Amino acid sequence: MTAHEIDYRIYGEEMQYVEIELDPQEGVVAEAGSFMMMDDGIKMETIFGDGSEKDSGFLGKILGAGKRILTGESLFMTVFYNDLVGKRNVSFASPYPGKIIPIDLTRFNGKFICQKDAFLCAAKGVSVGIEFSKKLGRGLFGGEGFIMQKLEGDGMAFVHAGGTMAMKELAAGETLRVDTGCIIGFDQTVDYDVEFVGGIKNTIFGGEGLFFARLQGPGTVYVQSLPFSRLAGRVLASAPKGGGKDKGEGSILGGLGDLLDGDNRF
């Protein structure tokens, strides 16, 4: 498997985008909704599956697309080709505040495992599939946030992290426990499973969920500080209920606090 060799540059601080430089006939595959802008001369093509040689043939395309349904993604992906002579640029943006992380798959021996909604784009030829769990605990208790994708190939891929990103290099046997939603991805040498928090008080009153992920080295692990599910949950909790006013920002002052801070809606 030989992916297209692409050059790139990442712009921005909290709301980043990645600009991919394409030589003639080079291409990049991206998730629907991540496109930002492109130069004249770039051809856009919607494809079934991820377009990698791994899914060649009709049956392979069907299986590849079926795997994407399991991760909650669209059946289709979009490929952007440079059809002209000379270099052309195409850019893809972060879906929410955070960081874009470049992943050179050759550094990870051709395979990187990531959260189902972390993938942004990759060089044409990179395979985007699902990482099937062989452990019963991961399947039963990992939840939707623990359905993992795998990126395979020898090219560049780009994943998105919410909030601030932390990279941990785990030694052989070293263990890291992480909230399942805070995982961005890790290389294939890392052993991962879900673990019960334990303790009656932790279970009933902890508020952190009943399970967390246990990652054991050796290998590299990427962790995010703000999973989108956590961000969405906070926004939803603060939204007005039943068409009424929102929760008073004045705390114990309630409506009076709103008047004082200039929020005079009724």
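I took strands as DSSP runs of E, at least two residues long, numbered from the N terminus. By that rule Met37 lies in strand β4. The model is a predicted one, and I kept that in mind for every entry below.

**Surface patch**

Met37 counts as partly exposed, because its relative accessibility is 38%. Phe35, Met36, Met37, Met38 and Met44 make a nonpolar patch of about 430 Å². Strand β4, residues 35-38, gives the largest share of this patch, four residues. Phe35 turned up again in the ring search, where it forms one aromatic cluster with Phe80 and Phe92.

**Cysteines**

I searched the whole structure for disulfides and found zero. Cys114 has a relative accessible area of 0% and is buried. Cys182, at 9% relative accessibility, counts as buried too.

**Aromatic rings**

How many aromatic pairs does a search of the whole structure find? I recorded seven. Among them is the stacked pair of Tyr11 and Tyr17, with 5.0 Å centre to centre and 15 degrees between the planes. Tyr11 is partly exposed, at 24% relative accessibility.

I wrote down Phe112 and Tyr222 as an edge-to-face pair, 5.9 Å centre to centre with 70 degrees between the planes. Phe112 lies in strand β9 (residues 111-115) and Tyr222 in strand β19 (residues 219-224), so this pair ties together parts that are 110 residues apart in sequence. Phe112 is buried at 0% relative accessibility, and Tyr222 is buried with a relative accessible area of 5%.

I also checked for charges over rings. The charged end of Arg107 sits over the ring of Phe108, 5.0 Å from the ring centre.

**Salt bridges**

Side chains of opposite charge can pair when their charged atoms come close. I counted four salt bridges in the structure.

Asp23 lies in the loop between β2 (17-22) and β3 (27-30), and Lys87 in the loop between β6 (76-82) and β7 (88-93), so the pair ties together parts 64 residues apart in sequence. Are these two residues buried or partly exposed? Asp23 is partly exposed at 22% relative accessibility, and Lys87 is partly exposed at 47%.

I next noted the salt bridge of Lys111 with Glu131, whose closest N and O atoms are 3.2 Å apart. This pair links distant parts of the chain, with Lys111 in strand β9 and Glu131 in strand β11, 20 residues apart. Both Lys111 and Glu131 are buried.

I then listed Asp191 and Arg214, which form a salt bridge with the closest N and O atoms 3.5 Å apart. Asp191 is in strand β17 (residues 191-196) and Arg214 in strand β18 (residues 211-216), 23 residues apart, and the pair links distant parts of the chain. Asp191 is partly exposed, with a relative accessible area of 29%, whereas Arg214 counts as buried at 15%. Finally, I traced shared partners: salt bridges join Glu21, Asp23 and Lys87 into one network.

**Strand β11**

I returned to strand β11 (residues 127-131) for Ile130, which lies in it. Ile130 is buried, at 7% relative accessibility.

Methods. Residues numbered from 1 in each chain as written. Predicted model: local features only at pLDDT ≥ 70, side-chain atom pairs only at ≥ 80, totals over all residues. Heavy atoms only, no water. Patch = residues over 30% accessible without salt bridge, like charges linked within 9 Å, V, L, I, M, F, W, Y side chains within 5 Å. Areas by Shrake-Rupley, 256 points an atom, 1.4 Å probe, with all protein chains shown as cover. Salt bridge = Lys/Arg side-chain N within 4 Å of Asp/Glu carboxyl O. Buried < 20%, exposed > 50% of the residue type's maximum accessible area, 1.4 Å probe, protein only. Disulfide = S-S within 2.5 Å. Phe/Tyr/Trp six-rings, centres within 6.5 Å; stacked < 30°, edge-to-face > 60°. Lys NZ or Arg CZ within 6 Å of the ring centre and 35° of its normal.
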